[in-house]
Amino acid sequence: MEPLLSIDTVAAYLGVPVATIDDWRVDGKGPRAVRIGRHLKFLRSDVWDWVATGRETVPGLLPDGMARP
């Protein structure tokens, strides 16, 4: 079984505030979470997969192939 990450760990890894992770999750824009009681936990693989979806396929292009504004 893979380790579960806390929201604090995910926020620190991504370099964003915890509130941003919460906002992204509620808006359906962030990595998927698992609720354990009243705690949110994240599978490491879900976080890495989510990060990969935002990765440029070619420098300067968004993942959908569109140029950055």
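A nonpolar core, as I use the term here, is a set of buried Ala, Val, Leu, Ile, Met, Phe, Trp, Tyr and Cys residues joined through side-chain atoms within 4.5 Å. I kept in mind throughout that this is a predicted model.

**Entry 1: the core.** I looked up the largest nonpolar core and found eight residues: Leu5, Ile7, Val10, Ala11, Ile21, Leu40, Phe42 and Val47. Two elements, helix H1 (7-14) and strand E3 (39-43), each give two or more residues to this core. H1 supplies the largest share, with three residues.

**Entry 2: Val47.** Val47 touches Leu5, Val10, Tyr13, Pro31 and Phe42.

**Entry 3: the H1 and H3 pair.** Two packed helices are described by the angle between their axes and the distance between the axes. For H1 and helix H3 (residues 44-53), I noted axes that come within 12 Å and cross at roughly 30 degrees. Angles under 35 degrees count as roughly parallel, so H1 is roughly parallel to H3. The crossing of H1 past H3 is right-handed. On the H1 side I found Val10, Tyr13 and Leu14, which meet Val47, Trp48, Trp50 and Val51 of H3.

**Entry 4: the whole chain.** Stepping back, I counted three helices and three strands in the protein chain, in the order β-α-α-β-β-α from the N terminus. Of the 69 residues, 16% are buried. I also checked contacts with a separation of 6 or more: 41% of them join residues 24 or more positions apart. The accessible surface comes to about 5100 Å², and carbon and sulfur atoms hold 57% of it.

Notes:
Residues numbered from 1 in each chain as written. Predicted model: local features only at pLDDT ≥ 70, side-chain atom pairs only at ≥ 80, totals over all residues. Heavy atoms only, no water. Helix = DSSP H or I, 4+ residues; strand = E, 2+ residues; numbered from the N terminus. Buried < 20%, exposed > 50% of the residue type's maximum accessible area, 1.4 Å probe, protein only. Contact = heavy atoms within 4.5 Å. Areas by Shrake-Rupley, 256 points an atom, 1.4 Å probe, with all protein chains shown as cover. Axes fitted to C-alpha atoms, helices over the stretch in contact; angles between N-to-C directions. Parallel < 35°, antiparallel > 145°, perpendicular 65-115°, else oblique. Left-handed = near helix turned anticlockwise from the far one by under 90°. Lists of a residue's contacts leave out its neighbours within four places in sequence.
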